[in-house]
Amino acid sequence: MLEGIRKKRNSLIILLAFGAIIIVFVFWGVGPTNNDGAGNAVAVVDGETITVKEYATVYKRQLENYKKALGEAFNDEFIEQMDLRHKTLDGLIERVLMIRHARSKGIRIATDEVQMVIKMMPAFQTKGAFDKDLYFSLLAANRIKPSEFEKGIEHDLMAGRARQEAAAGVSITDEESMAHYRETGRKISLEYIAVPEKTFEAGIKTNEAEEREFLKKNGSKFMEPARLKAAYAIVDYSLVGAMFKPSEDELKEYYERNAAEFTSEEQVKARHILIRPYQNETDKAKAEQDARAKAEAILKRIKNRESFASLAKEHSEDQGSKERGGDLGWFSRGMMVKPFEDAAFGLKKAETSGIVETEYGFHIILVEDKKEGGVKPFDKARAYIYDAVAEQKAVYKEREIAAELESAFKKAVTLEEMKKASLAHKALVRFNTTGFFQADDRREVLSGMDALREAAFSLKAGDTSAPVEGPGGLYVIKAIEKKDAHVSDYEAVKSKVRAMLIEEKAWNEAQKGAKEIISRLKNGEDIKKIGAELRYKVVDTGLFGRQEQEIPKAGVKIPDMEGLFSLGPKNPVYPEPVRSNYAYFVFMLRGTVEPDKNGFDAAKEEIRSRLLADKQDKAVEKWLQDLKAKAKIKVY
């Protein structure tokens, strides 16, 4: 149990838990300020400043999110392709504009709505119920004030509401759905020629001037990473923890002083179905009447023993719980709006409510389980308290030792002085030194964990870190010598530079050759005749549809080829050569098979939903572009 408590206080775990929040609310806590000055700004939008700090914070969160999602596929090339720096700034500018627009339209977010969103976030829940202490501890660990976080969520909800209004009124006609059905259901066959890059490499020459210029322009591909030589001491958790054996009086004192920790509140585990009045309805009374009637019809089906969870998935308009069959998990008093709370706590286990009206709409509540509140007796809590008291004493001692080591390391000039300071604490501290190592060298303990690696490589030669939590203890690190990252010298990498330059030129020649073939095809020449003349094989793909991920035999990704399934007798040649991992491809339509019209009725609704979502996205994008065009935006 002692180890479990120690893990809970590990700052890395707290930060990782917080990552679950920022995936949804990337821009929380980032709000524009009225300031026309550019000294600390990356942009000013209609007089509201986006600061360097705000930009850097959001950019870092974006990087963390992509890194967690993509793992090893996340690299510098991906960042460059995504144009993440500009996209981050665009996102911040758009957010400012959306919030300003929302305010101008009188859109307001109630405090209860902000609280509801926070309470439903898994990162702040323990066993499915909102944990207030966890909420405050996570924010504190990340140096965020609750008011800032809540304001950020309010802004997110305002921006989201404004986006919803921008997308309202968009519709899809049957003609649009049919046209999409024909295009997506169409099958085509192609003929293609592959123009391999390798065939051009043998004839390409380079000179030293070109190679040096290539190195200069592509320095990031030839970087020597930063390397560090360090000394470090580890305050051993297990050895320090073994020193402390709390007395019975200390245990009882802890129990009495932390009575709230052993007092549990009454809790309810429930599901609900929410029916909202139609917001765009001009007749508010009729909208509420219709919503209530719909809720009553659903309640009648529940009383006829239909599955509550299935009905929630089908009809509930609470997007946060809908896909879970309306499951809200466990919650205690004070977590829900009052009418909802009163109804839920007034029900017995397995009992269903009538229609409950709140500011969000009309609810039907099913209570699945209940827990009575109470106080855990000292005897049952004793083992936990023993570990908690021992842990408190150990943590205090660990930090005290680490602070002494930090002070000693800062003053120390030689390794011997650092080693002597470590040995002063006898077996509680282990002292180590490293040779030169890189940040990605997982054989070195200081590179094996993000917190240690970041602390170590943020140091300059001679600097000492603050204590950092790492495997088995608190680490104090001193940088002995550091070699910063730098572009490799030409002589050291000239063979690699030459090979990459030749490859780049060969790709350019392959692209040029492919474009010439496309030009000839557009002029009416036969693809087989061109292939025979240039000694390229002409390949027939056979029939395939949009459901395929790659063009058969070619291996080229279909989603990357816009307009592929729009090729026809009047435009049979794909207009651009398509690059793969080894060649540029030239594609020409061979034949088409149209979809069966009888299948349209079955697919109509799914097609309409998909097209509507796409059209709404485009409407929002156009709306944002219009806002930008009307705004005064200065980017520094």
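What radius of gyration does the protein chain have, and what would a compact globule of 636 residues have? The chain has 32 Å, while the globule would be near 26 Å. That radius is taken over C-alpha atoms, and the globule rule is 2.2 Å times the number of residues to the power 0.38.

Some ground rules. This is a predicted model: local features need pLDDT of at least 70, side-chain atom pairs count only at pLDDT 80 or more, and totals for chains, interfaces and linings use all residues. Residues are numbered from 1 along each chain as its sequence is written, and side-chain values use heavy atoms, leaving out hydrogens and water.

Now the whole chain. Its C-alpha atoms fill a box of roughly 95 × 80 × 50 Å along the principal axes. There are 22 helices and 23 strands. These are DSSP runs: helices are H or I with at least four residues, strands are E with at least two, numbered from the N terminus. Of the 636 residues, 42% are buried. Buried means under 20% relative accessible area, exposed over 50%, partly exposed in between, with a 1.4 Å probe and protein chains only.

Next, one residue. Ala-421 sits in helix H18, residues 415-423. Is Ala-421 buried or exposed? Buried, because its relative accessible area is 18%. Leaving aside residues up to four places away in sequence, Ala-421 touches Leu-405 and Ala-408. Contact here means heavy atoms within 4.5 Å.

Last, a distance. Ala-421 and Phe-565 are 144 residues apart along the chain. Their C-alpha atoms are separated by 73 Å.
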